[in-house]
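This report describes selected local features of a protein chain, from its strands and helices to its aromatic contacts. The sequence and the structure are shown below.

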Amino acid sequence: MNSIIVDGICYRKEEICEGNPPAFAATAPFHRQLHLFLREWFSPSPTLTLHTSGSTGKPKTIVVQKDRMLQSAAMTCDFLRLKKGDKALLCLPLEYIAGKMMVVRAVYAGLDLRPVEPSGNPMAEITQGIDFAAMVPLQVYNSLQTEEGKKRISQIKKLIIGGGAMDERPEELLRDFPHEVYSTYGMTETVSHIAIRRLSGHAADSYYTPLPGVFLKLSGDQTLVIDAPHVADETLYTNDIAEIRADGSFRVLGRKDNVINSGGVKIQIEEVERVLHPYMSANFAVTSVPHPKLGEAAALLIESGTDAQHIRQVIESRLPRFQRPLHIFRVEAIPQTGNGKTDRAAAKEMAAERISHSVLRQG
């Protein structure tokens, strides 16, 4: 594990850390970032500093043992039966754990890493066969929009999708894929995923199965508690409201901090977004705003592209009355974190500003 294969060429640890940069580092900015991360990985330090995405609040800095990351890589590579020389696509930002772990898996298993600049449609420039890839839901969704994109992504032999919830429509399309497609569950604190569920074929399931050595339970608030000693130093108490079956498999219903308490009625933001998503032609997010009587009220932020009357019709026909957003605000762009998740804190601030301006105009 003192070398890495990039674009078919094996580079030793000494070539990465000493002397001139390796040949791949001269091709593009993203490749230079890869070189810098590899230098950090192969350095004598036993730890790395990671940053959370900040999708529900301020990003956090976490220091993790490199050995923990190797343990995580081993779990994934063993589960997927990855072998030396398999072509692995790196199309995720290296600032976050998902991108870093693709590199660590390549180091651990001797995979042939194929880096491409992270984008919303990474398969657009891929013409060669890929054995293993990790993507976020948006990248998969974009690839499925054209027949050519669908063909290319369907040829990936083993695809894992993480960093956010999958929508029903892409899941339906992925179910017929000929190869292995999985959704993953994890977080920066667990150095990537600790559970996985099949999306393609007859084994497709709506519940996640914990990887070996991972133990789960529910807190008094019905949030997921994770005990994964191979990858985390201590028990992790999440904000994910979950349901666990007798066999240990589970599904996530939403985040505790994404619950809107509107007049004593609890609204799960993710559930409302899941219902609305198939009918929206533009990016949107559900959030909350202060309300003088209800305490909080649901609000919908949406980018231009969807007719206002259509939105109202969808809301009234698809959502029960207590889940319907009281306000609809058009915005230039839904705020996002660096790895493509909705920035929930920024979205809430944006909605609050719209309410504040509305009150000022009325005054």
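Strand β9 is largely enclosed by the rest of the structure, because seven of its eight residues are buried. Here, buried means under 20% relative accessible area, exposed means over 50%, and partly exposed lies in between, with a 1.4 Å probe and protein chains only. Strands (E, at least two residues) and helices (H or I, at least four residues) are DSSP runs, numbered from the N terminus.

This is a predicted model, in which local features need pLDDT of at least 70 and side-chain atom pairs count only at pLDDT 80 or more, whereas totals for chains, interfaces and linings use all residues. Residues are numbered from 1 along each chain as its sequence is written, and side-chain values use heavy atoms, with hydrogens and water left out.

## Strand pairing around β9

Two strands are taken to pair if DSSP finds at least two bridges between them. On the parallel side, β9 pairs with strand β8 (residues 158-161) over four bridges; L159 has V181 in β9 as its bridge partner.

β9 and β10 run antiparallel and are joined by six bridges. M187 has S192 in β10 as its bridge partner. Four residues lie between the strands of this hairpin, and V191 takes a positive phi near 40° there. T188 is found in the loop between β9 and β10 (192-198). T188 counts as buried because its relative accessibility is 9%. Leaving aside neighbours within four places in sequence, T188 is in contact (heavy atoms within 4.5 Å) with L50, H51, T52, I62 and I97.

## Aromatic pairs and charges over rings

Rings of Phe, Tyr and Trp (its six-membered ring) pair if their centres lie within 6.5 Å; planes under 30 degrees apart count as stacked, over 60 as edge-to-face and the rest as tilted. By this rule the model holds five aromatic pairs. One of them joins Y185 and F250 edge-to-face, with 5.3 Å from centre to centre and 80° between the planes. This pair links distant parts of the chain, since Y185 belongs to strand β9 (residues 180-187) and F250 to strand β15 (residues 250-255), 65 residues apart. Y185 counts as buried at 8% relative accessibility, and F250 counts as buried at 0%.

Y185, Y208 and F250 form one aromatic cluster. The charged end of R197 sits over the ring of Y208, 5.1 Å from its centre. A charge sits over a ring if NZ of Lys or CZ of Arg is within 6 Å of the ring centre and within 35 degrees of the ring normal. Elsewhere, K66 lies over the face of W41, at 5.8 Å from the ring centre.

Helix α3 (residues 66-80) has 15 residues and reaches 21 Å from its first C-alpha to its last, close to the expected 21 Å. The expected span is 1.5 Å times one less than the number of residues. The buried residues of α3 include K66, R68, M69, S72 and L80.

Most residues other than glycine have a negative phi. R81 lies in the loop between α3 and β5 (87-90). Q222 likewise is not a glycine and has a positive phi of about 65°. Q222 lies in the loop between β12 (215-218) and β13 (223-227), and is partly exposed, with a relative accessible area of 40%.

## Two further loop residues

R245 is placed in the loop between β14 (236-244) and β15. R245 counts as partly exposed at 33% relative accessibility. Not counting residues up to four places away in sequence, R245 touches D205 and Y207. The C-alpha atoms of R245 and S304 are separated by 41 Å, and these residues are 59 residues apart along the chain.

Q323 is placed in the loop between α9 (308-318) and β20 (327-331). Q323 counts as buried at 11% relative accessibility. With neighbours within four places in sequence left aside, Q323 is in contact with I267, E271 and V272.
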